[in-house]
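Here are my notebook entries from an afternoon with this model.

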Amino acid sequence: MHTFELPSGIEIELKEMTGAEEELLTNQRLIRSGDAINQVLRNCLIRIGEKTEPTVSDVLELLSGDRLFTLVRLRQISLGDDVELELSCPNSACRMTNYLTVNLEELEVTPYTDQREFDFKLPGSKKTVRFGYLDGHKEKRLAGLREPNITSALLIRILDIDGKPPSKKILAEMSMRDRGELRKEMARVDAGIDTSVESECDGCGTRVRTRLEAEPAFLFPTVRL
Ligand SMILES: [Zn+2]
């Protein structure tokens, strides 16, 4: 059995993925709704803290940083530490395929503190925004939106603004500067595991960026989808 400590400090036990999980991860309907990952995590998490045989609801309760950390460790115990990426250059005049190997054991992990709510004074309007962390429930709501955008991603983490519930209208009227500073603050206090990959194209030097979990090689190292 494989025991890990999540960025929030909770201890988990994992078992490796089997054919059942591979089927979940290739089910397009489940992938679109975001349920594929939740069911895979439910299947492979033997224990979350004291809770044995966790349900999907327990998996959704986990903070997003804990969830991604769990997925990365699950990938490691199931398929190994090395992810061999094939990244296409975003420069349309180049389009060269770049090969890059990332060792998952070396990804930076930032632990959560005990704080779950944060106050931030917007530099422009001087209003105070209270916000929290993303968790599985909120991720699921975002995945269900027809057109997820920056506003919905901000809105879902905001608890209140000057004590009042937030709305799309308030977010739309907020100055770009305040929105930018708020996003920066949300990113600053965030925790979890850093899966961002940044490299330069071997052919033309253009910056190539991605997130590991978005790459086929993360969960399907041998199969070409
Ligand atoms: Zn290039």
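This is a predicted model: local features need pLDDT of at least 70, side-chain atom pairs count only at pLDDT 80 or more; totals for chains, interfaces and linings use all residues.

**Entry 1: burial of α5.** I found 12 of its 16 residues buried, so α5 is largely enclosed by the rest of the structure. My list of buried positions runs Gly65, Asp66, Arg67, Leu68, Phe69, Thr70, Leu71, Val72, Arg73, Leu74, Arg75 and Gln76. I note that Asp66 and the arginines Arg67, Arg73 and Arg75 are on that list.

**Entry 2: length of α5.** Next I checked the span.

**Entry 3: α3 against α5.** Two packed helices are described by the angle between their axes and the distance between the axes. I looked up both values for α3 (residues 35-44) and α5 (residues 64-79): the angle is about 65° and the axes are 11 Å apart. The two helices are therefore roughly perpendicular to each other. I also noted the handedness of the crossing, which is left-handed. Which residues make the contact? From α3 I wrote down Ile37, Leu41 and Cys44, and from α5 Arg67, Thr70, Leu71 and Leu74.

**Entry 4: α9.** I moved on to α9, which covers residues 176-189. Its 14 residues reach 20 Å from the first C-alpha to the last, close to the 20 Å expected at 1.5 Å a residue. Here the buried residues are Asp178, Leu182 and Met186. Looking down the axis of α9, I saw them fall within an arc of 75°, so they line one face of the helix. What do they pack against? I found β8 (118-121), β9 (128-131) and α7 (150-155) as their partners. On the face turned away from the buried side I listed the exposed residues Met176, Arg177, Lys184, Ala187 and Arg188.

**Entry 5: Glu84.** My last stop was Glu84, in strand β5 (residues 82-88). Is Glu84 buried or exposed? I counted 12 other C-beta atoms within 10 Å, and a residue with 12 or fewer is exposed, so Glu84 is exposed. I then looked up Ala217, which lies 133 residues from Glu84 along the chain. The C-alpha atoms of these two residues are separated by 6.3 Å.

Methods. Residues are numbered from 1 along each chain as its sequence is written. Helices (H or I, at least four residues) and strands (E, at least two) are DSSP runs, numbered from the N terminus. The expected span of a helix is 1.5 Å times one less than its number of residues. A residue is buried if 20 or more other C-beta atoms lie within 10 Å of its own, exposed if 12 or fewer, and partly exposed in between; C-beta atoms are placed from the backbone. The arc is that of the directions from the helix axis to the C-beta atoms. Two residues are in contact if their C-beta atoms, placed from the backbone, lie within 7 Å. Axes are lines fitted to C-alpha atoms, for helices over the stretch in contact, and angles run from 0 to 180 degrees between N-to-C directions. Angles under 35 degrees count as roughly parallel, over 145 as roughly antiparallel, 65 to 115 as roughly perpendicular and the rest as oblique. A crossing is left-handed if the near helix is turned anticlockwise from the far one by less than a right angle, and right-handed if clockwise.
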